[in-house]
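Okay, thanks for making time, everyone. Let me put the model up and then walk you through a few things in it.

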Amino acid sequence: MRNSPEGSILLWVRYAFCRVNDWFICVGRYGDLGGCMAGERPHSVACIANEEVQDGRLSAPSAARNIAPILTALRPYLPENGYALELASGTGEHAISYARTFPGIVWQPTDIATERLDSIDAWRAQAGLRNMRLAQFLDATQPDWCADGFDVMITVNLLHLISGPAMRAVVAGVARSLAVGGRWCLYGPFRSGGGFRSEGDRAFHQSLSSHDPDIGYKDVETVEATADQHGFACLARLEMPANNLMLIFEKRPH
Ligand SMILES: C[S@@+](CC[C@H](N)C(=O)[O-])C[C@H]1O[C@@H](n2cnc3c(N)ncnc32)[C@H](O)[C@@H]1O
């Protein structure tokens, strides 16, 4: 089935749905920002996003799907104990899983979208996790943000939704915040070797940039070079399901 034409079409449709779903979730937020991304969120988009509201908890199918491989990839790179900050936490489902899976770490979720901050706190309340803090507003693309006191930062599925200068602001902020030896775990879809990693990725990038030409996939080499300029060593570039990558950076001594 997987190799048959029908199977390929089904897989592609499922892939496209997941990618578009990720994107619509973010379009909802950019609509709130009043124009960081083209277009308001029409009612139909809110439906396509397929987020279920349960007592304030939002659910993104992509978050449930990619969390297991993300946890596996993170395990060798996270400390036993410490403090971690997640940028662009989204619904909060990932944060709950991080806190459950790595109980020695205190987790600080953040986002820019009010409804996502509420959702994160609703998931936190329902889970009753003592090693997860209340969600905080943090715009990771602001030029001067800084969050001291964290050993680890995690960013999942953000860079393809922002511009090149915004990506550099994210890298600079993480670099400003982490002390020497601190780690940044960065997951998402990228271009590599000068091209897209699949036709589905090319189509998703085109759909993003057709709405806003400034956003879309970043070259992994550009992100790694930017991180290098900001004092990071790249410890690993891990292949993840659905052509995603997980990059693990560590802040070098000055
Ligand atoms: C595709 S969702 C990913 C959410 C979550 N990391 C996940 O993978 O399920 C992108 C998230 O980035 C947030 N976001 C967008 N721009 C941001 C910014 N400048 N700073 C922080 N978060 C941002 C959105 O509100 C949204 O929750």
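First, a definition: a residue is buried if 20 or more other C-beta atoms lie within 10 Å of its own, exposed if 12 or fewer, and partly exposed in between, with C-beta atoms placed from the backbone. By that count, Gly56 is partly exposed because it has 15 C-beta neighbours inside 10 Å. Across the chain, buried residues make up 41% of the 254 residues.

Some housekeeping. This is a predicted model, so local features need pLDDT of at least 70 and side-chain atom pairs count only at pLDDT 80 or more, while totals for chains, interfaces and linings use all residues. Residues are numbered from 1 along each chain as its sequence is written.

Back to our glycine. Gly56 sits in the loop between α2 (43–48) and α3 (61–74); helices (H or I, at least four residues) and strands (E, at least two) are DSSP runs, numbered from the N terminus. What does Gly56 touch, leaving out residues up to four places away in sequence? Asp118, Ser119 and Ala122, where contact means C-beta atoms, placed from the backbone, within 7 Å. For Ser119, 63 residues apart from Gly56 along the chain, the C-alpha separation is 5.4 Å.

Now the sheet. There are 7 strands in an open sheet with mixed pairing, ordered β3-β2-β1-β4-β5-β7-β6; strands pair if DSSP finds at least two bridges between them. At the edges, β3 (136–137) and β6 (232–239) each pair on one side only. Inside, β5 (residues 183–189) and β7 (residues 244–251) run antiparallel, joined by 7 bridges. One of the bridge pairs is Pro189 with Asn244 in β7.

Technical notes. Two residues are in contact if their C-beta atoms, placed from the backbone, lie within 7 Å.
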